[in-house]
Amino acid sequence: MRKEKEIWFAAGCFWGAQKFFKLVEGVVNTEVGFVNGKTENPTYEQVYQDNTGYAECVHVVYDPSKVSLSRLAGLFFRIIDPLSLNKQGEDEGTRYRTGIYYKEEEDLEVLTGVFKRVKSDLGVEVFPVELEPVLKFYTADEYHQDYLDKNPGGYCHLSPEIFKLAKELKGE
């Protein structure tokens with residue numbers, strides 16, 4: 001029996017992050033939504049105003065026997081600019097901040113190790129990527145789910161090449 005695990009990635013605009021993680025072998029399901037804000041049941045329009053405290057994110061359900069949390073987190077760092085505060089590509093605002101949000105305490109040790117490695121690789125002590133437990137998550141409207149699959153020419157701050165490489169990138 002497969003025991004699936006969950007993780008939440010805020011990587012700027014959630015459309016591209018969802019498309020990317022859907023392509024990773026071992027990812028079972030994805031959905032876009034809003035993480036760790038102040039209000040109950042926020043709408044996209046409310047989050048877009050940048051006053052709810054929520055970040056756009058992709059909720060990833062994965063099979064740890066096929067892909068490790070370390071690999072997923074490593075791939076996350078390949079699709080963001082970890083030194084950019086509240087901005088990814090042309091998208092700006094606190095709703096586009098970056099972060100990894102976990103549910104299980106055991107995941108914190110793995111994620112802390114990934115963060116430490118990335119900071120070392122970058123030669124920095126700190127960067128504005130959050131690492132926190134998921135406190136609140138609300139699924140975005142159906143319109144936003146699999147948006148880039150439904151709208152192949154839709155805007156995305158991620159390079160089209162990154163989607164081609166999603167299965168090949170190594171997160172370790």
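Over the ring of which residue does the charged end of Arg95 sit? The ring is that of Tyr48, and the charged end of Arg95 sits 4.0 Å from its centre. A charge counts as over a ring if NZ of Lys or CZ of Arg is within 6 Å of the ring centre and within 35 degrees of the ring normal. Lys19 likewise lies over the face of Phe163, at 5.5 Å from the ring centre.

The model is predicted: local features need pLDDT of at least 70, side-chain atom pairs count only at pLDDT 80 or more, and totals for chains, interfaces and linings use all residues. Residues are numbered from 1 along each chain as its sequence is written, and side-chain values use heavy atoms, with hydrogens and water left out.

The 6 strands form an open, mixed sheet in the order S7-S6-S1-S3-S2-S8. Strands here are DSSP runs (E, at least two residues) and helices are runs of H or I (at least four), numbered from the N terminus. Two strands pair if DSSP finds at least two bridges between them. S7 (130-133) and S8 stand at the edges with a single partner strand each, so one side of each has no neighbour in the sheet. The twist averages 35 degrees from one strand to the next. Angles run from 0 to 180 degrees between N-to-C directions, with axes fitted to C-alpha atoms, for helices over the stretch in contact. S1 and S3 run antiparallel and are joined by 5 bridges. Helix H4 (residues 105-122) lies across S1, S6 (98-102) and S7, at about 150 degrees to S6.

Aromatic rings were examined next. Rings of Phe, Tyr and Trp (its six-membered ring) pair if their centres lie within 6.5 Å; planes under 30 degrees apart are stacked, over 60 edge-to-face and the rest tilted. The count comes to 14 aromatic pairs. Phe9 and Phe76 are stacked, 5.2 Å centre to centre and 25 degrees between the planes. Phe9 lies in S1 (residues 5-11) and Phe76 in H3 (residues 69-78), so this pair ties together parts 67 residues apart in sequence. Phe9 is buried, at 0% relative accessible area. Buried means under 20%, exposed over 50% and partly exposed in between (1.4 Å probe, protein chains only).

The largest nonpolar core has 46 residues. Such a core is a set of buried Ala, Val, Leu, Ile, Met, Phe, Trp, Tyr and Cys residues joined through side-chain atoms within 4.5 Å. Its largest share, 6 residues, comes from H3.

Conventions
Contact = heavy atoms within 4.5 Å.
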